[in-house]
Each structure stands twice: as C-alpha cells, then as structure tokens.
Amino acid sequence: MQFATAFSDEVTMTRHTAKEIELAAERFEQLADSLDPDTAKVEGTEDLREIAIAAEAVRADDARLREAVGLARARGRSWNNIALALGVSRQAARQRFADKTTA
C-alpha cells in the first residue's frame, strides 16, 4: 500500500503476517528477559513508542475502512458512491478495494 506524503515522493508500507508479528514478539520477550535493569542503559524511546502507536492506529483504521467498503458493496453501493465518500475517483476506489471485498 502506498501513501502520498506532503512532498511528491511516496512511501511503501510493508504488511507483516500474523506469524511474523508473533515471532517478533517472541524475540522481543527473550531480549527483554535477558536485560538487567540495573546495568542497562536506556535512552528515551517516547518518539519510537509514538511511531508504534500511530502505526497500529493506521492498521486498525485501514481494517475498519476495508470492512466499511465491503459492507457498502454488500448493500449494493456503487463504486461511484464509495469514491465520493472516500474523496477519490471511482477508479482509485475500485483499484484499492475491489479485490479485497466479497461483493
């Protein structure tokens, strides 16, 4: 999935499978268990935490949007109607969601 930025370049976000996320969580737990809080040097991570929170919100919002589009299609809404709601062209709406909806 690509997102246009305020500049003219584009950023590609990589989707990870549930298994990849689970393995990463397990590796993190192993690392966290091996750290000694008395000797560990920890730098501020608030900025990284904010990135993780924002990324999770994007994933959740994207899932909600796909579900809403799928529901609208199941209720007989046209790609024109959906495109108007999204603020994009009919073609853009269809290209983004057509293969991901069941209707």
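**How the helices pack**

Start where Trp79, Asn80, Ala83 and Leu86 of H3 meet Arg90, Ala93, Arg94 and Phe97 of H4; contact means heavy atoms within 4.5 Å. Helices are DSSP runs (H or I, at least four residues), numbered from the N terminus. This is a predicted model, in which local features need pLDDT of at least 70, side-chain atom pairs count only at pLDDT 80 or more, and totals for chains, interfaces and linings use all residues. Residues are numbered from 1 along each chain as its sequence is written, and side-chain values use heavy atoms, with hydrogens and water left out.

H3 (residues 79-86) and H4 (residues 90-97) pack at about 95°, with axes 8 Å apart. Axes are lines fitted to C-alpha atoms, for helices over the stretch in contact, and angles run from 0 to 180 degrees between N-to-C directions. H3 is therefore roughly perpendicular to H4 (65 to 115 degrees; over 145 counts as roughly antiparallel).

Now turn to H2 (residues 46-74), which packs against H3 at an angle of about 150°, their axes 10 Å apart. That makes H2 roughly antiparallel to H3. Here Leu65, Val69, Ala72 and Arg73 of H2 meet Trp79, Ile82 and Leu86 of H3.

Finally, look inside: the largest nonpolar core has seven residues, Val69, Ala72, Trp79, Ile82, Ala83, Ala93 and Phe97. Such a core is a set of buried Ala, Val, Leu, Ile, Met, Phe, Trp, Tyr and Cys residues joined through side-chain atoms within 4.5 Å, where buried means under 20% relative accessible area (1.4 Å probe, protein chains only). H3 contributes the most to this core, with three residues.

Key. Helices (H or I, at least four residues) and strands (E, at least two) are DSSP runs, numbered from the N terminus. Angles under 35 degrees count as roughly parallel, over 145 as roughly antiparallel, 65 to 115 as roughly perpendicular and the rest as oblique. Buried means under 20% relative accessible area, exposed over 50%, partly exposed in between (1.4 Å probe, protein chains only).
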